[in-house]
Amino acid sequence: MLNISRLLLKLSKSIYRIFGKFIKMSLYSIFRHLHSGFRYIVFILILVAIIQSLLGWFSKKPYTETNRKINLFTLISAHTQLLIGIILYFLSPFVQFNSNTMKDSTTRYFTVEHWVMMLIAIALITIGHSKAKKTETSESKHKTIAIFYTIAFLVILVAITAGHLPILGS
Ligand code: HEM
C-alpha cells in the first residue's frame with residue numbers, strides 16, 4: 001500500500017514537472033513572438049510621432065488633437081512593450097543568474113543590457129510626453145516630443161543592434 005502511494009506520488013510529481021515545463025515553454029513562445037512582433041507597432045508609432053513633431057516644429061504648425069493622440073499612443077505602446085518584456089524576463093532561458101551570466105555575451109545582454117537600455121528609452125518617451133503636456137505653446141510641444149522621442153528611438157536602435165538582433169525580422 002505504501003509502495004503504491006509512493007509510486008503515485010512520484011508519478012504525479014513527474015507529470016507535474018513535464019506539464020509545468022510544457023506550459024512554461026508555450027508561454028515563452030507566445031510572449032517571445034508577442035514581444036518580437038509588438039516592436040513594429042512601437043517603431044511605426046514612434047516614427048510617425050517623430051515625423052509629425054519635426055514637421056510641426058519647423059513649419060510652426062499648431063499642436064492638434066491628432067498630434068496629441070499619436071504621441072499618447074506611442075507612450076502606451078512603449079509601456080505595453082515594457083509589460084510584455086517584464087513577463088518575458090521570467091520565461092526566457094537567456095535570462096540567467098549564475099556565475100557565467102556576465103561572461104556569456106547572450107545571457108549578459110538579455111539579463112542586464114537589453115532591459116536597462118530599453119527602460120532608458122521608455123523613460124525618455126514618458127518624460128518627453130509629460131513635458132510636452134505641461135508646456136504652453138504648440139512650438140514647444142512639438143520640439144519636446146521631437147527631441148525626446150528621437151533620442152528614445154536611437155537608444156532602442158542601439159539596444160537592438162548591441163544584442164546583434166535584427167531591427168526587422170527575428
Ligand atoms: C521598446 C522596448 C523594447 C523593444 C523594442 C524590445 C525588442 C526586443 C526584440 C526585437 C527582441 C528579440 C525578439 C526575438 O528574438 O525575436 C527582444 C527580446 C527580449 N526582450 Fe525586449 N524589447 C523592449 C523592451 C524590453 C524590456 C523592458 C524587457 C525586460 C524588462 C525586455 C526583455 C526581453 C527579453 C527577456 C528578451 C529575450 C527573449 C528570448 O528569450 O529570446 N525587453 N526584445
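Guide: One definition comes at the outset: two residues are in contact if their C-beta atoms, placed from the backbone, lie within 7 Å. Helices (H or I, at least four residues) are DSSP runs, numbered from the N terminus.

Visitor: What kind of model is this, and how are residues numbered along each chain?
Guide: The model is predicted: local features need pLDDT of at least 70 and side-chain atom pairs count only at pLDDT 80 or more, while totals for chains, interfaces and linings use all residues. Residues are numbered from 1 along each chain as its sequence is written.

Visitor: At what angle do the axes of helix 2 and helix 3 cross?
Guide: The axes of helix 2 (residues 65–89) and helix 3 (residues 105–134) cross at roughly 155 degrees and come within 10 Å. Axes are lines fitted to C-alpha atoms, for helices over the stretch in contact, with angles from 0 to 180 degrees between N-to-C directions. Helix 2 and helix 3 are therefore roughly antiparallel, a term for angles over 145 degrees.

Visitor: And helix 3 with helix 4: how closely do the axes come?
Guide: Those axes come within 8 Å and cross at roughly 175 degrees. That makes helix 3 roughly antiparallel to helix 4. The residues of this contact divide into 18 nonpolar, three polar and three charged.

Visitor: Which residues are involved there?
Guide: Helix 3 contributes several, including Glu 113, Met 117, Ala 121 and Lys 131. Among those of helix 4 are Lys 141, Phe 148, Ala 152 and Ala 162.

Visitor: What does Ala 121 touch, leaving aside its neighbours within four places in sequence?
Guide: Ala 121 is in contact with Ala 152, Val 155, Ile 156 and Ala 159.

Visitor: Now the core. How many residues has the largest nonpolar core?
Guide: It has 22 residues, and those with the most contacts inside it are Ile 46, Ala 121, Ile 125, Tyr 149 and Ala 152. A nonpolar core is a set of buried Ala, Val, Leu, Ile, Met, Phe, Trp, Tyr and Cys residues joined through C-beta atoms within 7 Å. A residue is buried if 20 or more other C-beta atoms lie within 10 Å of its own, exposed if 12 or fewer.

Visitor: Which elements give two or more residues to this core?
Guide: They are helix 1 (2–58), helix 2, helix 3 and helix 4 (138–162). The largest share, eight residues, comes from helix 4.

Visitor: Changing topic: which residues have a positive phi although not glycine?
Guide: Lys 60 has a phi of about 50 degrees, and His 164 one of about 55 degrees. Lys 60 is found in the loop between helix 1 and helix 2, His 164 in the segment after helix 4.

Visitor: Is Lys 60 buried or exposed?
Guide: Lys 60 counts as exposed, because it has 10 C-beta neighbours inside 10 Å. His 164 has 9 such neighbours and therefore counts as exposed.

Key
Angles under 35 degrees count as roughly parallel, over 145 as roughly antiparallel, 65 to 115 as roughly perpendicular and the rest as oblique. Ala, Val, Leu, Ile, Met, Phe, Trp, Tyr, Cys and Pro count as nonpolar, Asp, Glu, Lys and Arg as charged, and the others, Gly among them, as polar.
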